[in-house]
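This report describes a single protein chain. The sequence and structure are shown first.

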Amino acid sequence: MDQFGSPSRDTGGFPERRRSPQGGRRHPRAGTFFAVDTSWWLASAAVVLLALVATLVDGWGRRGRRPAGRTRPPGRARGPLLGGTRRAGPLPRAAEIWWANVPYEDGPGAKDRPCLVLVVRGKRVTVAKITSKYHDERPGVIPLPPGAVGDAHGRPSFLETGELREVPVWEFRRRVGVVDPVLWDQVRHLAT
């Protein structure tokens, strides 16, 4: 008898072997060893390799198609759609600040910059340009609050009312918002 009063079998100090349901003997720890299925590792490695190859091929395909560095601000339209007709989207309206391709004052070409819409006449818009540099030698420079033009850096900006520009409506690419009503009352007379 064992210490609990049950009849015992002498197993010689080894654990008793259990019988399987089929009647045979099995190891006392049978079923505790798990076979590890590693076939998914190969599939994962193939996916990673495929992604790496696609990234390299895409990078090689883009090489040479665009110059290094940013050539225009993000969201800038590539040019007028439909050969000079207005692009899709809302039309600029008076008292709004927009980013547009504003012509230079003293020669050919234009620059993508913020501007205040003064009046819209058909396909032409009269604007006052906005700059980030204060020019005290120019008359009619009005400071705007920082971030008024919707740039990412929140720099101070200045409205230059001394020289107005004519811009085609298809050159407007992004509306920033409406100018402060007090400022609008100061400059609304410029386009008349």
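The text below covers the fold, the nonpolar cores, the aromatic pairs and the salt bridges.

The model is predicted. The protein chain holds two helices and six strands, in the order α-β-β-β-β-β-β-α from the N terminus. Of its 192 residues, 26% count as buried. Among contacts between residues at least 6 apart in sequence, 59% join residues at least 24 apart. The accessible surface comes to about 14100 Å², and 58% of that area belongs to carbon and sulfur atoms.

**Nonpolar cores and a surface patch**

In soluble globular proteins, nonpolar side chains tend to be buried together. The largest nonpolar core here has 16 residues, of which L116, L118, L159, V179, L183, W184 and V187 touch the most other members. Two or more residues of this core come from each of β2 (110-121), β3 (124-131), β4 (141-144) and α2 (181-187). Leaving aside residues up to four places away in sequence, V179 touches A95, I97, L116 and W184. A second, separate core has ten residues, including W98, A100, V167 and V169.

A95, one of the contacts of V179, lies in the loop between α1 (39-62) and β1 (96-103). Its relative accessible area is 11%, under the 20% limit, so A95 counts as buried. Most residues other than glycine have a negative phi. The phi of A95, in contrast, is positive, near 75°.

On the surface, L49, L52, V53, L56 and V57 form a nonpolar patch with about 440 Å² of accessible area together.

**Aromatic pairs**

There are two aromatic pairs. The rings of W98 and F172 have their centres 5.8 Å apart, and their planes stand at 90°, so this pair is edge-to-face. W98 is in strand β1 and F172 in strand β6 (residues 172-178), 74 residues apart, and the pair links these distant parts of the chain. Both W98 and F172 are buried.

In the pair of Y134 and F158, the ring centres are 5.2 Å apart and the planes at 55°, so the pair is tilted. Y134 belongs to the loop between β3 and β4, and F158 to strand β5 (residues 157-168); the pair therefore ties together parts that are 24 residues apart in sequence. F158 is buried, with a relative accessible area of 13%.

**Salt bridges**

Side chains of opposite charge can pair when their charged atoms come close. The structure holds eight salt bridges, among them those in the table.

| Salt bridge | N to O distance |
|---|---|
| E96 and R175 | 2.9 Å |
| E105 and R165 | 2.9 Å |
| R173 and D112 | 3.1 Å |

E96 lies in strand β1 and R175 in strand β6, so their bridge ties together parts 79 residues apart in sequence. E96 is buried at 3% relative accessibility, whereas R175 is partly exposed at 38%.

E105 sits in the loop between β1 and β2, and R165 in strand β5, so this bridge spans parts 60 residues apart in sequence. E105 is partly exposed at 37% relative accessibility, while R165 is buried at 7%.

R173 in strand β6 and D112 in strand β2 tie together parts that are 61 residues apart in sequence. R173 is buried at 13% relative accessibility, and D112 is buried at 12%. Salt bridges that share partners also join E105, K129, E160, E163 and R165 into one network.

Definitions and conventions
Residues numbered from 1 in each chain as written. Predicted model: local features only at pLDDT ≥ 70, side-chain atom pairs only at ≥ 80, totals over all residues. Heavy atoms only, no water. Helix = DSSP H or I, 4+ residues; strand = E, 2+ residues; numbered from the N terminus. Buried < 20%, exposed > 50% of the residue type's maximum accessible area, 1.4 Å probe, protein only. Contact = heavy atoms within 4.5 Å. Areas by Shrake-Rupley, 256 points an atom, 1.4 Å probe, with all protein chains shown as cover. Core = buried A, V, L, I, M, F, W, Y, C linked by side-chain atoms within 4.5 Å. Phe/Tyr/Trp six-rings, centres within 6.5 Å; stacked < 30°, edge-to-face > 60°. Patch = residues over 30% accessible without salt bridge, like charges linked within 9 Å, V, L, I, M, F, W, Y side chains within 5 Å. Salt bridge = Lys/Arg side-chain N within 4 Å of Asp/Glu carboxyl O.
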